[in-house]
Amino acid sequence: MRLLVEQAAANWYRSEMSLKEGDHLRIFVRLGGCGSVQPGFSLGVMRDVPRNPALNHVSEGIVFFMEEDNLWYLDNKKLRIAWDEQQEEIVMEVS
């Protein structure tokens, strides 16, 4: 399992959420949405303080992380967060 946040995506979060170096963003599982990995669930992002992080990745000075109790969603796969320039939106891809 791995978490990868591409530079363009990190810059988008930094700008949209007024983040500064050293801030933390938690990737969490939520009920509903348009997730494709686990039916009925999707991923959300929020500013938070890590409690029991199992995965993390630092990009553009921002610490992106997932708590241990949310790893089931990835099903032992890799999560890549990227910026889609054509659609002008964040893409979360589990592979």
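Two strands pair if DSSP finds at least two bridges between them, and helices (H or I, at least four residues) and strands (E, at least two) are DSSP runs numbered from the N terminus. The views below show a predicted model, in which local features need pLDDT of at least 70 and side-chain atom pairs count only at pLDDT 80 or more, while totals for chains, interfaces and linings use all residues. Residues are numbered from 1 along each chain as its sequence is written, and side-chain values use heavy atoms, with hydrogens and water left out.

View A. Strand β6 (residues 78-84) pairs with β7 in the antiparallel sense, over 6 bridges. Among the residues facing one another across this pairing, A82 stands opposite V91 of β7, and L79 has V94 of β7 as its bridge partner. The two strands form a hairpin with 4 residues between them, and in the turn E88 has a positive phi of about 55°.

View B. The order β1-β6-β7 describes an open sheet of 3 strands with mixed pairing. Its edge strands, each pairing on one side only, are β1 (2-5) and β7 (89-94). Neighbouring strands of this sheet are turned by 15° against each other on average, direction ignored. Helix α1 (residues 7-16) packs on the sheet and touches β1, β6 and β7, its direction making about 70° with that of β6; here axes are lines fitted to C-alpha atoms, for helices over the stretch in contact, and angles run from 0 to 180 degrees between N-to-C directions.

View C. S59 is found in strand β4 (residues 53-59) and, at 7% relative accessibility, counts as buried (buried means under 20% relative accessible area, exposed over 50%, and partly exposed in between, with a 1.4 Å probe and protein chains only). The side chain of S59 reaches the backbone oxygen of V5 at 3.3 Å. Leaving aside neighbours within four places in sequence, S59 is in contact (heavy atoms within 4.5 Å) with V5, E6, Q7, A10 and F64.

View D. The structure holds 7 salt bridges, a salt bridge being a side-chain nitrogen of Lys or Arg within 4 Å of a carboxyl oxygen of Asp or Glu. In one of them the side chains of D23 and R47 meet at 3.9 Å, N to O; this pair links distant parts of the chain, with D23 in the loop between α1 and β2 (24-31) and R47 in strand β3 (residues 41-47), 24 residues apart. D23 counts as buried because its relative accessibility is 10%, whereas R47, with a relative accessible area of 42%, is partly exposed. The side chains of D48 and R26 also meet in a salt bridge, at 2.8 Å, N to O, and link the loop between β3 and β4, which holds D48, to strand β2, which holds R26, 22 residues apart. D48 counts as buried at 14% relative accessibility, and R26 counts as buried at 18%.

View E. R80 forms a salt bridge with E93, the closest N and O atoms being 3.4 Å apart. This pair links distant parts of the chain, R80 lying in strand β6 and E93 in strand β7, 13 residues apart. R80 is partly exposed, with a relative accessible area of 21%, and E93 is partly exposed, with a relative accessible area of 35%. E6, R80 and E93 are linked in a network of salt bridges.

Definitions and conventions. Polar contact = N/O pair within 3.5 Å; in protein donor to acceptor, adjacent residues only side chain to side chain.
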